[in-house]
Amino acid sequence: QHRLPPQAWTNSINQANKMALLAWTKETGIDLVQINGQRRYGGPPPGWVGGPPPAGTEVFIGRLPQDMYENALIPLFQSVGKLYEFRLMMTFSGLNRGFAYAKYSNRHGAREAIAAFNNFEVREGCAIVVCKSTEKCELSVDGLATSVSRRELEAVLRQVTEGVLSVTLYASPCQKRAQLAVLKYSSHQAAAMAKKTLMEGNVRLGGVATKVDWLNPDLKQKLKSYEEKPSSSRVQGRKCLGVPKQAPLSSVLCNVLDRLNTLCRRRYLGTPLFLTKCVQANPNGWLRFWCQVVIPGCPVPFSGFTWVRQDGRGRSGHEEVKVVVALQVLRMLGESL
């Protein structure tokens with residue numbers, strides 16, 4: 001049995017419609033650009049003046065026949081309003097993936113498209129779906145190593161994706177000793193292209209099993225209660241906790257260890273581990289301690305030196321210093337006291 005070479009095989013699929021598309025682009029002068037699995041017209045179209053249209057001007061088009069192309073779709077959707085951009089999702093074989101996005105010059109055009117073409121039969125028995133595009137602009141990347149800092153991650157993303165507006169790191173709510181990043185992009189298209197690039201697995205983001213997805217609304221609401229993880233403290237070196245000399249502790253600070261444990265549980269950071277060592281003892285009863293707090297969900301331990309004095313209530317210097325350090329860590333994690 002004769003086998004066609006891969007390129008000849010893909011060219012042979014839906015050849016008549018491909019030739020019709022080519023003839024249409026030559027006749028109309030319309031320029032179609034294909035990048036990473038989507039073919040785009042406009043964005044902006046020829047003669048466009050000013051910035052892109054506002055949010056709410058894009059519609060999602062689903063259930064398209066896979067052998068239908070822009071020569072049939074663009075004139076159809078342009079009949080109800082001026083198109084700013086049209087994006088058709090493509091397979092490697094040259095068939096479309098069954099869906100597209102049309103962005104209009106104003107919201108009226110988008111509303112007209114939904115009214116005219118939702119459940120419209122583009123062929124007999126082939127009714128398409130047209131609805132308002134969600135225009136998502138945020139991605140979640142879960143499973144990042146705790147050693148990855150926001151600055152490092154942002155530098156990598158700016159090299160491989162376009163339109164990065166912000167990068168925020170949190171302790172992963174689903175994986176132990178891992179981080180979750182929320183990536184915000186300048187547009188839905190930029191976010192969609194970034195999602196495709198990151199999901200292809202060719203970009204090293206410092207995680208073993210990294211999961212890339214649109215930011216789920218429920219997860220977004222959950223993360224709103226979190227402060228950004230203090231991963232940027234890496235730039236300050238490992239002695240990021242400068243504990244000042246302490247006066248004797250008041251009774252109101254006795255519950256700070258419980259508060260720190262509660263905060264770490266709420267943010268899925270793991271249980272704090274305290275390491276303390278007395279390095280100097282003065283005759284007047286003051287003790288100088290080196291201390292370190294290791295929190296599994298934080299990339300860098302909190303460490304430093306502090307002075308404490310036993311309060312005479314039976315607690316050792318080690319217990320006293322844990323309270324002092326827990327207070328400082330709570331403040332560094334953004335907890336108001």
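This is a predicted model: local features need pLDDT of at least 70, side-chain atom pairs count only at pLDDT 80 or more; totals for chains, interfaces and linings use all residues.
Biologist: Why is Phe-117 called buried?

Modeller: Its relative accessible area is 5%, and buried means under 20%, so Phe-117 qualifies. Phe-117 lies in helix α4. Not counting residues up to four places away in sequence, Phe-117 touches Leu-76, Phe-77, Ser-79, Val-80, Ile-128 and Val-130.

Biologist: How far apart are Phe-117 and Ile-61 in sequence and in space?

Modeller: They are 56 residues apart in sequence and 9.0 Å apart in space, C-alpha to C-alpha.

Biologist: Which residues of the largest nonpolar core touch the most other members?

Modeller: That core has 26 residues, and those with the most contacts to other members are Ile-61, Phe-77, Phe-86, Leu-88, Tyr-104 and Ile-128. The elements giving two or more residues to this core are α2 (15-28), β3 (58-62), α3 (70-78), β4 (83-90), β5 (96-104) and α4 (107-117). There is also a second, separate core of 24 residues, with Leu-263, Leu-269, Val-321 and Val-325 among them.

Biologist: What is Phe-86 in contact with, leaving aside its neighbours within four places in sequence?

Modeller: The list includes Ile-61, Leu-73, Ile-74 and Phe-77, as well as Ala-100, Tyr-101 and Ala-102. Ala-102, in β5, is also the bridge partner of Phe-86.

Biologist: Why are β1 and β8 called edge strands?

Modeller: The strand order in the open sheet is β1-β2-β4-β5-β3-β8, with antiparallel pairing. β1 (32-35) and β8 (129-132) each pair on one side only. On average, neighbouring strands of this sheet are turned by 20° against each other, direction ignored.

Biologist: Why is β3 described as largely enclosed?

Modeller: Because four of its five residues are buried, β3 is largely enclosed by the rest of the structure. β3 pairs with β5 in the antiparallel sense over five bridges, and Phe-60 stands opposite Tyr-101 in β5. Four bridges join β3 to β8, also antiparallel, with Val-59 opposite Lys-132 in β8.

Biologist: How do you know that the buried residues of α3 line one face of the helix?

Modeller: The buried residues in α3 are Glu-70, Leu-73, Ile-74, Leu-76 and Phe-77. Seen down the axis of α3, they fall within an arc of 165°, so they line one face. An α-helix has 3.6 residues a turn, so residues three or four places apart point the same way.

Methods:
Residues are numbered from 1 along each chain as its sequence is written. Side-chain values use heavy atoms; hydrogens and water are left out. A nonpolar core is a set of buried Ala, Val, Leu, Ile, Met, Phe, Trp, Tyr and Cys residues joined through side-chain atoms within 4.5 Å. Buried means under 20% relative accessible area, exposed over 50%, partly exposed in between (1.4 Å probe, protein chains only). Contact means heavy atoms within 4.5 Å. Two strands pair if DSSP finds at least two bridges between them. Axes are lines fitted to C-alpha atoms, for helices over the stretch in contact, and angles run from 0 to 180 degrees between N-to-C directions. The arc is that of the directions from the helix axis to the C-beta atoms.
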